[in-house]
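Please keep the sequence and the structure in view while reading.

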Amino acid sequence: MRMIARAFVAPLLVTLAAGTAEAQAALKIAYVNPQALFQSAPGRAEAQAAYQREAEGYRTELTKMSDALTALVSDYQKNESKLLGPEKEKRQAVIQAREDSLRARQSELEQQANERQNQLMAPIMETVRKVLEDIRAEDGYAIILSSEPGSSPILAADKNLDITERVVARLKTLAAAKPATPAKPPGAPAAAPSGVTRPRPPGV
C-alpha cells in the first residue's frame with residue numbers, strides 16, 4: 001500500500017493560501033511527512049485489509065485459469081507426436097485462444113484493481129486533505145509542503161516547521177472518534193496479481 005500513499009497523499013500536501021497580501025508577505029510555511037499521515041489516517045487499515053482480501057480473490061481466479069492452461073499444454077506436449085496435422089493445428093489454436101483469454105482477463109483485473117484502489121483511498125485522502133486544510137487555516141500557514149523521503153523538494157529546513165505530529169494527532173483523534181469503514185466492493189474483488197506464467201507448447 002506504500003504506492004497508494006505516494007499516488008494519493010503526495011499531491012494533497014501542497015496547500016496554497018488564498019489570503020490577503022499581508023498573509024502572503026508573511027509566507028508562513030510548514031511541512032509534513034505524507035507516509036506518516038497515511039499510516040495514521042482513519043480507515044487506512046480497514047482499506048488495506050479489504051484490498052488484500054479482494055486481491056486474493058483475483059489471484060485465485062487467475063491461478064485457476066493458469067492451471068487449466070498448463071494442463072492443456074501438458075496434454076498437448078504428451079500427445080504431440082501422435083497428432084496429425086489438422087488435429088495438431090486445432091489443439092494449438094485452442095491453446096492460443098486460452099492464452100489470449102488469460103492475458104485479456106489479467107489486463108481487465110488490473111484495470112478494475114486500479115479503480116477499486118481509487119475507490120478505497122478516496123475517502124481516506126479526503127480526510128487527510130481536510131485535516132491539512134483545517135490546520136493550515138487555524139495556524140495561518142500559507143503553504144504546507146511534502147517532505148516525503150526520496151522525493152521531497154526540501155533540502156534543508158527548520159525542524160520546528162515540521163507539523164507532521166500535529167496532523168497525525170488530529171487524524172488519530174478522528175480515527176478514535178469515528179472509525180472509517182471502507183465501501184463494499186461493487187460485486188467483485190480487486191488487485192490483480194502479476195507474473196502469471198503461461199507455458200507455450202512447441203510450434204505454437
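Helices (H or I, at least four residues) and strands (E, at least two) are DSSP runs, numbered from the N terminus. The structure described here is a predicted model. Its protein chain contains six helices and three strands, and 34% of its 204 residues count as buried.

**Overall architecture**

- Read from the N terminus, the order of elements in the protein chain is α-β-α-β-α-α-α-β-α.
- The protein chain has an accessible surface of about 11700 Å². Carbon and sulfur atoms contribute 55% of that surface.

**The pairing of α4 and α5**

- Two packed helices are described by the angle between their axes and the distance between the axes.
- Helix α4 spans residues 44-79 and helix α5 spans residues 85-139. Their axes lie 10 Å apart, and the packing angle is about 175°.
- Because angles over 145 degrees count as roughly antiparallel, α4 is roughly antiparallel to α5.
- The contact of α4 with α5 involves 19 nonpolar, six polar and 10 charged residues.

**G140, in a loop**

- G140 is located in the loop between α5 and β3, the latter being residues 143-146.
- Is G140 buried, partly exposed or exposed? Its relative accessibility is 45%, so G140 counts as partly exposed, given that this class lies between the limits of 20% and 50%.
- Leaving aside residues up to four places away in sequence, G140 touches K28 and I135.
- The C-alpha atoms of G140 and L27 are 9.1 Å apart in space, although 113 residues separate the two in sequence.

**S40, in helix α3**

- S40 belongs to helix α3, which covers residues 34-40.
- The relative accessible area of S40 is 14%. Buried means under 20%, and S40 is therefore buried.
- A polar atom of the S40 side chain lies 3.2 Å from the backbone oxygen of A36.
- Which residues does S40 touch, not counting those up to four places away in sequence? They are V168, L171 and K172.

**Summary of the two residues**

- G140, at 45% relative accessibility, is partly exposed, whereas S40, with a relative accessible area of 14%, is buried.
- G140 sits in a loop, while S40 is part of a helix.

How values were computed:
Residues numbered from 1 in each chain as written. Predicted model: local features only at pLDDT ≥ 70, side-chain atom pairs only at ≥ 80, totals over all residues. Heavy atoms only, no water. Buried < 20%, exposed > 50% of the residue type's maximum accessible area, 1.4 Å probe, protein only. Areas by Shrake-Rupley, 256 points an atom, 1.4 Å probe, with all protein chains shown as cover. Axes fitted to C-alpha atoms, helices over the stretch in contact; angles between N-to-C directions. Parallel < 35°, antiparallel > 145°, perpendicular 65-115°, else oblique. Nonpolar A, V, L, I, M, F, W, Y, C, P; charged D, E, K, R; others polar. Contact = heavy atoms within 4.5 Å. Polar contact = N/O pair within 3.5 Å; in protein donor to acceptor, adjacent residues only side chain to side chain.
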